[in-house]
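This report describes a two-chain structure, taking each chain in turn and then the contact between them. Please keep the sequence and the 3D view at hand while reading.

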Amino acid sequence: MTLPDPYPGIEKWTVPAAALYATLRGVRPAGLRATESGAFWLGRRASRSQVTSVIVPRGAGVIERANMWQLSPEVFGTISRWALTHEVVMLGMFHIHIGTSARMSRWDRERVVQVPGVLSVIAANAGVEQNHRTWAWYVYEGSGYREMDPVERDLRIEISAHLPCSAWTADAGSIRVVNP
Amino acid sequence: MIQVPIAHESAVATEVAYLPAVAVFKKSYEDETRVSVVRIDAMAFFHVADHRDRDTHEFFLEFEGRRVADLSQTLEQLMGRDRRHARFNLIEQITPGAA
């Protein structure tokens, strides 16, 4: 019997512009405080994957500091239960750096989900730069995260102006919709 | 009147989900199976493992919103005698090491 592949290959990710907007709006308060913050991108995983929801962890179980964004396992639990009932999976995560570098730190590489095809996107300067081409786009491939060069990024990341995206906040105990 | 004891069905249809994975781990276990066995099987299915770098990475099972702390208990002890389905989430806990 062949077991199903839990991580089918991804050729392309479609990210609604609404997801980028919700992400930046979600991390902005932390950025203004000069602390790191981030968001999870969830959606349908397939050869052409699509982000359909953005979840910004905030509150209990979330640590936002100048050089660290960290979530408790209970926050992951909240998001996991929600994802299961909404039939979506985690496609990637986004977080901001306060400084000018968008490069992954060792913490960024080690203290995150490490399975094939997961995106890790980093915006420098507290996330004030809205142009996604200024962000660093990494994808996990077997042994670690690899940064996409601009050509690959433009080929594999499609920003859709028209697709919808829901926005949520989550903490260790609950998840709540964010009104547009 | 002869009373026929009702056979106790012992199989538990078990599912484990992991946030970034498309597929759910599914397997039928005897209700005397320890939860630790489910955890190990699910981790193998999702290609993850407990490990240490500068931090300690451990995976645990969550059942009905709570971490299963005692992995030596059986599925029956966890769920009760008559439940035949178990749904878990697999979650990673990262304990920071010394900086």
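Helices (H or I, at least four residues) and strands (E, at least two) are DSSP runs, numbered from the N terminus. On that basis, chain A holds four helices and 12 strands.

The model is predicted: local features need pLDDT of at least 70, side-chain atom pairs count only at pLDDT 80 or more, and totals for chains, interfaces and linings use all residues. Residues are numbered from 1 along each chain as its sequence is written, while chains are lettered from A and ligands numbered from 1 in the order in which they are written.

**Chains A and B overall**

The C-alpha trace of chain A spans about 50 × 40 × 35 Å along its principal axes. A compact globule of 180 residues would have a radius of gyration near 16 Å, and the 15 Å of chain A agrees with this. The radius of gyration is taken over C-alpha atoms, and the globule rule is 2.2 Å times the number of residues to the power 0.38.

Chain B contains two helices and six strands. Along the sequence these elements follow the pattern β-β-α-β-β-β-α-β.

Two further terms are needed for the table. A residue is buried if 20 or more other C-beta atoms lie within 10 Å of its own, exposed if 12 or fewer, and partly exposed in between, with C-beta atoms placed from the backbone. Two residues are in contact if their C-beta atoms, placed from the backbone, lie within 7 Å.

| Chain | Property | Value |
|---|---|---|
| Chain A | Buried residues, of 180 residues | 42% |
| Chain B | Buried residues, of 99 residues | 25% |
| Chain A | Contacts with a separation of 6 or more that join residues 24 or more positions apart | 70% |
| Chain B | Contacts between residues at least 6 apart that join residues at least 24 apart | 61% |

**Strand S2 of chain A and its partners**

Strand S2 (residues 38–44) of chain A is mostly covered, six of its seven residues being buried. Two strands pair if DSSP finds at least two bridges between them. S2(A) runs antiparallel to S6(A), and six bridges join the two strands. Within this pairing, Leu42(A) stands opposite Met90(A) in S6(A).

S2(A) also pairs in the antiparallel sense with strand S3 (residues 48–57) of chain A, here over five bridges. Gly43(A) stands opposite Val51(A) in S3(A).

Gln50(A) belongs to strand S3 of chain A. Is Gln50(A) buried or exposed? Gln50(A) counts as buried because it has 21 C-beta neighbours inside 10 Å. Leaving aside residues up to four places away in sequence, Gln50(A) touches Thr14(A), Gly43(A) and Arg44(A). The C-alpha atoms of Gln50(A) and Ile10(A) are separated by 10 Å, although the two residues are 40 residues apart along the chain.

Helix H2 (residues 73–86) of chain A has 14 residues, which at 1.5 Å a residue should span 20 Å; its end C-alpha atoms are 20 Å apart, in agreement. The expected span of a helix is 1.5 Å times one less than its number of residues. Buried residues in H2(A) include Pro73(A), Val75(A), Phe76(A) and Ala83(A). Just after H2(A), Glu87(A) takes a positive phi of about 55 degrees.

The contact between the chains takes 22 residues from chain A and 19 residues from chain B. On the side of chain A that touches chain B, the elements giving two or more residues are H2 and strand S6 (89–96) of chain A. H2(A) gives the most to that side, with eight residues. The residues of that side divide into 15 nonpolar, two polar and five charged. Ala, Val, Leu, Ile, Met, Phe, Trp, Tyr, Cys and Pro count as nonpolar, Asp, Glu, Lys and Arg as charged, and the others, Gly among them, as polar.

**Two residues of chain B**

Val38(B) lies in helix H1 (residues 35–45) of chain B. Val38(B) is buried because 26 other C-beta atoms lie within 10 Å. Apart from residues up to four places away in sequence, Val38(B) touches Thr14(B), Val16(B), Tyr29(B), Thr33(B), Leu61(B) and Phe88(B). The C-alpha atoms of Val38(B) and Leu75(B), 37 residues apart along the chain, are separated by 9.2 Å.

Glu9(B) is found in the segment before strand S1 (11–18) of chain B. Glu9(B) counts as exposed because it has 9 C-beta neighbours inside 10 Å. Between the C-alpha atoms of Glu9(B) and Ala86(B), 77 residues apart along the chain, the separation is 14 Å.
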